[in-house]
Amino acid sequence: MTAQSLTELVVFSMTAAQRAATPWLPMAATAALWGSAFTAIRVALPDYSPTTIALLRISITVVLLLPCLALKRIGRLERGDVLRMAAFGLTGMTAYQVLLCAGEESVEAGTAAMLIAASPVFTTVLGMAFLGDRPGRRGLAGLGLALCGALLVAVTSGSGSGSLMGALMVLLAAATQATSFALQKPLLKKYSGAECVFYGSLFGLVPLLATAPGAVGEIAAADTHRTLAVLWLGLGCTAMAFWTWSRTLRATTASTASLVLYAVPVAALAVDAAFLGNVPALSAVLGGLLVLAGVAVASVRRAASAPRPAAGASGTPERELAGAGSRK
């Protein structure tokens with residue numbers, strides 16, 4: 001679920017003409033589609049390994065975007081951007097997908113979604129460490145609050161060591177996703193969200209091709225409903241979600257669109273409860289709320305202090321937000 005972090009999303013307001021009505025339907029559909037990805041992974045895991053799920057989901061994404069390449073809606077990747085795009089693909093596509101799926105082998109879907117919501121925490125830390133960002137007191141307070149919430153979710157995600165290890169792997173997936181955000185941001189000044197998803201997926205697919213022979217055997221032996229879950233990850237959680245997310249971006253402001261990302265963990269909890277009957281512990285829900293509250297505090301701090309881009313600038317809000325829909 002192919003996404004920028006909340007701390008970056010609310011910085012800018014769209015400069016294009018805005019419609020009066022908030023597009024609640026596409027916003028709700030996007031949150032539901034992205035939230036369902038966590039449950040779809042849990043459904044597929046008994047018959048599919050994490051690497052096979054990642055391989056098939058990324059492959060479906062590439063196939064679905066090939067017509068855009070043929071119609072020249074996806075431009076050519078410049079030679080000077082190959083290494084950065086490859087790094088983005090390996091972190092945001094390969095590592096993120098494999099780590100998330102591996103973590104969900106022992107962590108419920110809703111819990112995993114709450115942990116992934118902590119990704120902006122790691123984005124902020126990376127900015128402080130390598131870009132000299134200074135989030136200020138309010139930003140640091142939000143960072144600490146979100147981190148405490150993530151730790152609470154991880155500790156209460158299960159009583160066994162396997163559950164704790166799974167939670168830590170999901171947190172590592174969130175950290176990996178944050179790294180991919182940092183790598184993707186300069187690329188979004190030159191490439192659209194769809195272009196980043198396509199080329200990132202191509203590079204992310206390369207190391208997974210070694211697992212293709214084993215994937216064939218898993219497909220042949222898997223139950224039909226588990227295979228359908230993998231197909232849903234590619235078709236529903238990627239293709240359909242990208243379409244509904246694009247409609248949201250065209251119809252509202254950046255800050256309003258970012259509300260979708262707050263709703264994803266809620267949608268994941270609802271889908272997980274409805275289809276698998278899983279209800280997380282109250283302490284885990286509290287931890288998830290702390291994560292979202294911390295992210296909100298840090299985001300408001302940046303929104304108030306960051307300058308707006310000039311109209312027509314290469315790094316437009318539309319492109320920044322389009323990158324948020326890259327992965328879920």
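These legends describe close-up views of a predicted model.

**View 1. Trp 34 and Trp 245 form a tilted aromatic pair.**
The structure holds two aromatic pairs. In this one, the ring centres of Trp 34 and Trp 245 are 5.2 Å apart. Their planes meet at 50°, so the pair counts as tilted. Trp 34 sits in helix H2, residues 24–44. Trp 245 sits in helix H11, residues 224–251. The pair therefore ties together parts that are 211 residues apart in sequence. Trp 34 is buried, at a relative accessible area of 0%. Trp 245 is buried too, with 0% relative accessibility.

**View 2. Phe 198 and Tyr 199 form an edge-to-face aromatic pair.**
Centre to centre, the rings of Phe 198 and Tyr 199 are 5.3 Å apart. The angle between their planes is 75°. Both Phe 198 and Tyr 199 are buried.

**View 3. Asp 47 and Arg 226 meet in a salt bridge.**
There are three salt bridges in the structure. Here the N to O distance between the side chains of Asp 47 and Arg 226 is 3.3 Å. Asp 47 lies in the loop between H2 and H3, and Arg 226 lies in helix H11. The pair thus ties together parts that are 179 residues apart in sequence. Asp 47 is partly exposed, at 23% relative accessibility. Arg 226 counts as buried, at 18%.

**View 4. Glu 78, Asp 81 and Lys 190 are joined in one salt-bridge network.**
Asp 81 forms a salt bridge with Lys 190, and their closest N and O atoms are 2.8 Å apart. Asp 81 is in the loop between H3 and H4, Lys 190 in the loop between H8 and H9, so this bridge ties together parts 109 residues apart in sequence. The side chains of Lys 190 and Glu 78 also meet in a salt bridge, at 2.9 Å from N to O. That pair links distant parts of the chain, 112 residues apart. Glu 78 lies in the loop between H3 and helix H4 (82–103). Asp 81 is buried, at 12% relative accessibility. Lys 190 is partly exposed, with a relative accessible area of 39%. Glu 78 is partly exposed, at 44%.

**View 5. Cys 68 lies in helix H3, residues 50–70.**
At 23% relative accessibility, Cys 68 is partly exposed. Leaving aside neighbours within four places in sequence, Cys 68 is in contact with Arg 73 and Ile 74. The C-alpha atoms of Cys 68 and Ala 194 are separated by 8.8 Å. Along the chain, Cys 68 and Ala 194 are 126 residues apart.

Definitions and conventions
Residues numbered from 1 in each chain as written. Predicted model: local features only at pLDDT ≥ 70, side-chain atom pairs only at ≥ 80, totals over all residues. Heavy atoms only, no water. Phe/Tyr/Trp six-rings, centres within 6.5 Å; stacked < 30°, edge-to-face > 60°. Helix = DSSP H or I, 4+ residues; strand = E, 2+ residues; numbered from the N terminus. Buried < 20%, exposed > 50% of the residue type's maximum accessible area, 1.4 Å probe, protein only. Contact = heavy atoms within 4.5 Å. Salt bridge = Lys/Arg side-chain N within 4 Å of Asp/Glu carboxyl O.
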